[in-house]
Amino acid sequence: MFAIWFTAPRARFVLTVACGILVLVAHVIVFWRYTREPNPLLCQAALALLSLGFLALSLSAMQYLDVRNYSRAVLPALVAMVVCAGVTYLGFDGVGFILTYVTVTVLLASIGVMFWIKGGHDRGILLVVSALSGVCGLSFGLCGAVLLVKGQWVLGVAPDNWAERLNSVVAVACMTALGALTLSLHHLQAQIELKAETLTDPLTGLMNRRALNSLYGERDFGPFMSIAMFDLDHFKRTNDVYGHPVGDRVLCRFAAIIKKYDRAGVDAFRLGGEEFALVMSRMTEDKAYDFASRIGVAFGAEVVPTPRGPLRSTVSGGIGFGEEGGSSLDEVLAEADKALYAAKHAGRNRVLVHDRKSKADGPALRSA
């Protein structure tokens, strides 16, 4: 796991899992020594390492699932470890074992719940992780329950009962399986990140043409689905006069406008260069036209500061619609492209609908 993390430093959860397992290995060694030479310091060290190891595993789950509030796990676990050390120092080592088992059970249960609720990429792997965490937590819970039922507040030696022996087998099996599944989760996350990179435009953060084909290449576009194509006006002149860095800022500014109007049923793409596309679902023709027009007006109101002075840009758009019998992505794109071509020749800074006379004679969009 350490080797995998060195090759992929962004996979921080792999490093955290490796550290957690390393701490648990240290616990096993210290606990083995404690079974042969019982003394309070070895007992405290063994219990602290057990809680700390599973706390690290809990934090790794939070990292993988992008749960940021680490204090919810760290603070209660640390408080429990301090209390455990205190009661063990006072001679109540049985109470210390019970508190530690409760802490570990809660940590493992939280791992299971997090993967059960928040996991969404590969439900099969995540549900197995959740189940293993639950089973392992249950085995630790049984250990604490046996000590509690028997009222063994003071032991003087390592506890030895049927629950402890069962826990030894279950914990080793579950930790081995969880270690193997961590590698699977790492590969899964790497695949997800790679796919996201291949489907995302690095400059604007919008999806790219490949994503458009992936999402809608096999879809049928009905009458309430449309595509608006946008092309920034005189963008080549912007690059020539103001420079490509300013041109990139203009592209990003237009992308930011599209993101500002983000809503359910609308997906935005950068097709390449200064061309963008907007796929709109569950919209009538009038609503789709008004939506695209508002984006054009909002972009025309934007001012980009440059060394040569403030820069205003405009955008032209064309909208293509699906048919009752269903249209392909290429057919709707072709219709939108024709409408965009007509908008360019009509004076730019407007959105037109191909072969829709009620919209084709509309006025140019005015900048604020």
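**Close-up views**

**View 1. Lining of the largest pocket.** The residues that line the largest pocket of this chain divide into 16 nonpolar, 5 polar and 3 charged. The model shown here and in the other views is a predicted one. The volume of the largest pocket is about 630 Å³, and of its 24 lining residues those closest to the centre are His 27, Val 28, Ser 168, Ala 171 and Val 172. Two or more lining residues come from each of helix H2 (12–36), helix H3 (40–64), helix H5 (93–118) and H7.

**View 2. Helix H2 and its buried residues.** The buried residues of H2 are Phe 13, Val 14, Thr 16, Val 17, Ala 18, Gly 20, Leu 24, His 27, Val 30 and Tyr 34. His 27, one of these buried residues, is also among the residues closest to the centre of the largest pocket.

**View 3. The second largest pocket.** About 220 Å³ of space lies in the second largest pocket, and of the 14 residues that line it, Arg 72, Ala 73, Val 106, Leu 107 and Ser 110 are the closest to its centre. At least two lining residues are supplied by each of H3, helix H4 (71–89) and H5, and H5 gives the most, with 6 residues. By residue class, this lining divides into 10 nonpolar, 3 polar and 1 charged.

**View 4. Lys 118 in helix H5.** Lys 118 is found in helix H5, a helix that also gives residues to the lining of the second largest pocket. The relative accessible area of Lys 118 is 47%, which means that this residue counts as partly exposed, since that class lies between the limits of 20% and 50%. Leaving aside residues up to four places away in sequence, Lys 118 touches Leu 65 and Val 67. The C-alpha atoms of Lys 118 and Met 62 are separated by 10.0 Å, although the two residues are 56 residues apart along the chain.

**View 5. Asn 161 in the loop between two helices.** Asn 161 has its place in the loop between helix H6 (123–150) and helix H7 (162–198). Its relative accessible area is 4%, so Asn 161 counts as buried, the limit for that class being under 20%. The side chain of Asn 161 reaches the backbone nitrogen of Glu 164 at 2.9 Å. When residues up to four places away in sequence are not counted, Asn 161 touches Val 146, Leu 147 and Lys 150.

**View 6. Helix H11 within the chain.** Helix H11, formed by the 16 residues 285–300, reaches 23 Å from its first C-alpha to its last, a value close to the 22 Å expected at 1.5 Å a residue. The buried residues of H11 are Ala 288, Tyr 289, Phe 291, Ala 292, Ser 293, Ile 295, Gly 296, Ala 298, Phe 299 and Gly 300. The protein chain as a whole has 13 helices and 6 strands, and 45% of its 368 residues count as buried. Among contacts in the chain between residues at least 6 apart in sequence, 68% join residues at least 24 apart.

Notes: Residues numbered from 1 in each chain as written. Predicted model: local features only at pLDDT ≥ 70, side-chain atom pairs only at ≥ 80, totals over all residues. Heavy atoms only, no water. Helix = DSSP H or I, 4+ residues; strand = E, 2+ residues; numbered from the N terminus. Buried < 20%, exposed > 50% of the residue type's maximum accessible area, 1.4 Å probe, protein only. Polar contact = N/O pair within 3.5 Å; in protein donor to acceptor, adjacent residues only side chain to side chain. Contact = heavy atoms within 4.5 Å. Expected span 1.5 Å × (residues − 1). 1 Å grid on protein atoms, 1.4 Å probe; cavity = no way out; pocket = protein on both sides within 12 Å on 5 of 7 lines; lining within 4 Å. Points joined across faces, edges and corners; volume = space filled by probe spheres on them. Nonpolar A, V, L, I, M, F, W, Y, C, P; charged D, E, K, R; others polar.
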